[in-house]
Amino acid sequence: MGLFASRNAAATSTGETTGGWARDLLRGLASIAALTPASAASTADFSALAEVIRGGLQSAARALADEQGALGLTEAQLGGMQTRHLEMRDSLQEQLAGIEEIDLAKVLTQLQSTKTSLEASYNAIGSLGTLSLSRFLR
């Protein structure tokens, strides 16, 4: 979601509107800037013009508030995704560290223990070949 100069992104403008809060705001401000003392000469016309300008500015304010709410919601969603991505990154870095960063002394001790166990089992298997019933009974 983004902001557009020519139209609303999430809001719906109502009332006296150009279809976008930014254009409504600029139109209202330009209308106020264009007022002259001669504009107020006719009270009925001036009241009608002031009402149109006020309606446009109110429409722009409501639409801007709606856009603000939609952007806040999007920001909250992005913040949640960012938090989940940071947690995932930390978890993956921990797993990678467990693979890459080993305790060499511990690994060597485990290798030596495995070697000793294998040698003992090979000796036991080798001695089985020389066993016979007569040797067993002796």
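This note goes through the predicted model point by point, from the whole chain to single residues.

1. Basis. The model is predicted, so local features need pLDDT of at least 70 and side-chain atom pairs count only at pLDDT 80 or more, while totals for chains, interfaces and linings use all residues. Residues are numbered from 1 along each chain as its sequence is written, and side-chain values use heavy atoms, with hydrogens and water left out.

2. Overall make-up. The chain has four helices and zero strands, and its elements run α-α-α-α from the N terminus on. Helices here are DSSP runs of H or I with at least four residues, strands are runs of E with at least two, and both are numbered from the N terminus.

3. Burial and surface. Of the chain's 138 residues, 12% count as buried. Buried means under 20% relative accessible area, exposed means over 50%, and partly exposed lies in between (1.4 Å probe, protein chains only). The accessible surface of the chain is about 10500 Å², and carbon and sulfur atoms account for 62% of that. Areas come from the Shrake-Rupley method with a 1.4 Å probe; for residues, only the protein chains shown count as cover.

4. Contacts along the sequence. Taking contacts between residues at least 6 apart in sequence, 57% join residues at least 24 apart. A contact means heavy atoms within 4.5 Å.

5. Helix 1. This helix covers residues 21–33; at 1.5 Å a residue, its 13 residues should span 18 Å, and the end C-alpha atoms are 18 Å apart, which agrees. The expected span is 1.5 Å times one less than the number of residues. Trp21, Ala22, Asp24 and Gly28 are the buried residues of helix 1. They lie on the same side of helix 1, because they cover an arc of only 165° around the axis. That arc is taken from the directions from the helix axis to the C-beta atoms. On the face turned away from this buried side, helix 1 carries the exposed residues Leu26 and Ala33.

6. Leu57, which sits in helix 2, gives a detailed view. Neighbours within four places in sequence aside, Leu57 is in contact with Asp24, Leu25, Gly28, Leu29 and Ile32. Leu57 and Leu26 are 31 residues apart in sequence, with their C-alpha atoms 8.9 Å apart in space. Leu57 has a relative accessible area of 24%, so it counts as partly exposed.

7. Salt bridges. The structure holds two salt bridges, a salt bridge being a side-chain nitrogen of Lys or Arg within 4 Å of a carboxyl oxygen of Asp or Glu. One joins Glu51 and Arg54, with the closest N and O atoms 2.7 Å apart. These two residues are three apart in helix 2, so about one helical turn separates them. Glu51 is partly exposed at 43% relative accessibility, and Arg54 is partly exposed at 41%. Another links the side chains of Asp90 and Arg89 at 3.2 Å, N to O. Asp90 is partly exposed with a relative accessible area of 35%, and Arg89 is partly exposed with 43%.

8. A nonpolar patch. Ile102, Leu104, Leu108 and Leu111 form a nonpolar patch on the surface, with about 420 Å² of accessible area together. Patches are made of residues with over 30% relative accessible area and no salt bridge; like charges are joined within 9 Å and nonpolar side chains (Val, Leu, Ile, Met, Phe, Trp, Tyr) within 5 Å. Leu111 is found in helix 3 (residues 104–128) and counts as exposed at 52% relative accessibility.
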